[in-house]
Amino acid sequence: MALRCAGLLLSKELSSSIQQQMRSLGTSSRLFASDFLKNSPNTALDKSLLNRYRNLKTPDGRCQATYLWVDGTGENVRLKDRVLDKIPAGVQDLPKWQYDGSSTYQSQGENSDTVLVPRAIYKDPFKPGKNDIIVMCDTYLADGTPTPSNKRHDLQTAIAKVEHEEPWFGIEQEYTLLDVDGRPFGWPANGFPAAQGPYYCGVGADRVYARDLVEAHTLACLYAGIDFGGTNAEVMPAQWEFQVGPSLGMKASDDLWVSRYILQRIAEEFGVVVTFDPKPVDGPWNGAGAHTNFSTKDMRADGGMKAIEAAIEKLSKHQERHIRAYDPKEGKDNERRLVGRLETSSIDKFSWGVANRGVSVRIPQGVANAGKGYLEDRRPSSNCDPYAVCNALVRTCLLNE
């Protein structure tokens, strides 16, 4: 987990040149000329035409804000853009906004006004203005109550009670790239690639697909201000992983939603589809998770293994609660993934161990050697709501609920 802090340090060093690099990668990739993506409507558009408008100067004192939120599915984001007449110094300067919740599975048509409340600000790698921003929001019904899909509200309530514990989270987001016909990107049209083995952290055109897209995503996330830890090719071909954190409190969850959005926006430009489905291909292929690393001040202190083991003991008594919280369909998605093989534990049984990737909760070897650090919960699915995952960890391990 500590190794993934590198992205935090790098993000402070990078200048606006990253924005130009990311756009260059996105517009010059040879993927646009590939017959493989000939059915993707987005690749038919000439991206260079937009540049003449990007070069227009935004009037002083004005900026564009992309309001981003989680819809009623609990696994997809939506967005609206608005122009602000004042450059905000923080979320307190941003107005609330409304949208049609009946079109996002969050309200009924006869009372559909749903409220967006700004919570976090990021630099926007897609808009040209130096002050343009992405705004992560949570959602409320007209009467002021959180929408059912607003898991951020519950996490914020829990975090406020345990601030003295200094909870850190780091999340390892796995995802799979598809062509527009739903086939894993780069896979043979009428068959399957060679068995898993050479693809994890691989190099070479026969082992790794769409690295341009992945590197563009890294640049864009660092520019945005995300605590981005790194990225790697995963075990199944066309599957990748990136990490956010470790971050204190709410930030890792906010960062993960915004980084998912940035990934999907970049994939739009490449004409590639991103799926966070936890088992995109049936058979002997690894699924996709969002392994969540968790630690507290006591876990990170000398002798912290005792606090880690105490947290694991609490987790062992609430398997069903965590399985329900760890995918948006309350465990139904993870039923396809947590099958006790292919580097997963069984969905029905809690287990833990040192350096074992087939358990529910893993203690990395480095943590065991140091006698302090963090635990890795390997159960969350790739399409989980990180607010719900982190909330479950805080309430079980720190609030003893």
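Modeller: A nonpolar core here is a set of buried Ala, Val, Leu, Ile, Met, Phe, Trp, Tyr and Cys residues joined through side-chain atoms within 4.5 Å, where buried means under 20% relative accessible area, exposed over 50% and partly exposed in between, with a 1.4 Å probe and protein chains only. This is a predicted model, in which local features need pLDDT of at least 70 and side-chain atom pairs count only at pLDDT 80 or more, while totals for chains, interfaces and linings use all residues. Residues are numbered from 1 along each chain as its sequence is written, and side-chain values use heavy atoms, with hydrogens and water left out.

Colleague: Which residues of the largest nonpolar core touch the most other members?

Modeller: Among its 77 residues, they are Met136, Tyr175, Ile226, Ile262 and Leu375. Helix α6, residues 251–270, gives the most to this core, with ten residues; helices (H or I, at least four residues) and strands (E, at least two) are DSSP runs, numbered from the N terminus.

Colleague: Why is this core said to lie between domain 1 and domain 2?

Modeller: Domain 1 (60–146) and domain 2 (158–399) both give residues to the core, so it lies between them, the bounds having come from an automatic or database domain assignment. Apart from it lies another core, of twelve residues, including Tyr67 and Val135.

Colleague: What makes Ile134 buried?

Modeller: Ile134 has a relative accessible area of 0%, and the cut-off for buried is under 20%, so Ile134 is called buried. Ile134 is found in strand β5, residues 133–140, and, not counting residues up to four places away in sequence, touches Thr66, Tyr122 and Ile262, among others, a contact being heavy atoms within 4.5 Å. Ile134 and Thr66 are 68 residues apart in sequence, yet 4.7 Å apart in space, C-alpha to C-alpha.

Colleague: Why is helix α8 called roughly perpendicular to helix α11?

Modeller: The axes of α8 (residues 305–316) and α11 (residues 386–397) come within 9 Å and cross at roughly 105°. Angles of 65 to 115 degrees count as roughly perpendicular, under 35 as roughly parallel, over 145 as roughly antiparallel and the rest as oblique, so α8 is roughly perpendicular to α11. The axes are lines fitted to C-alpha atoms, for helices over the stretch in contact, and angles run from 0 to 180 degrees between N-to-C directions.

Colleague: Which residues make the contact of α8 with α11?

Modeller: Ala311, Lys314 and Leu315 of α8 meet Leu393, Thr396 and Cys397 of α11.
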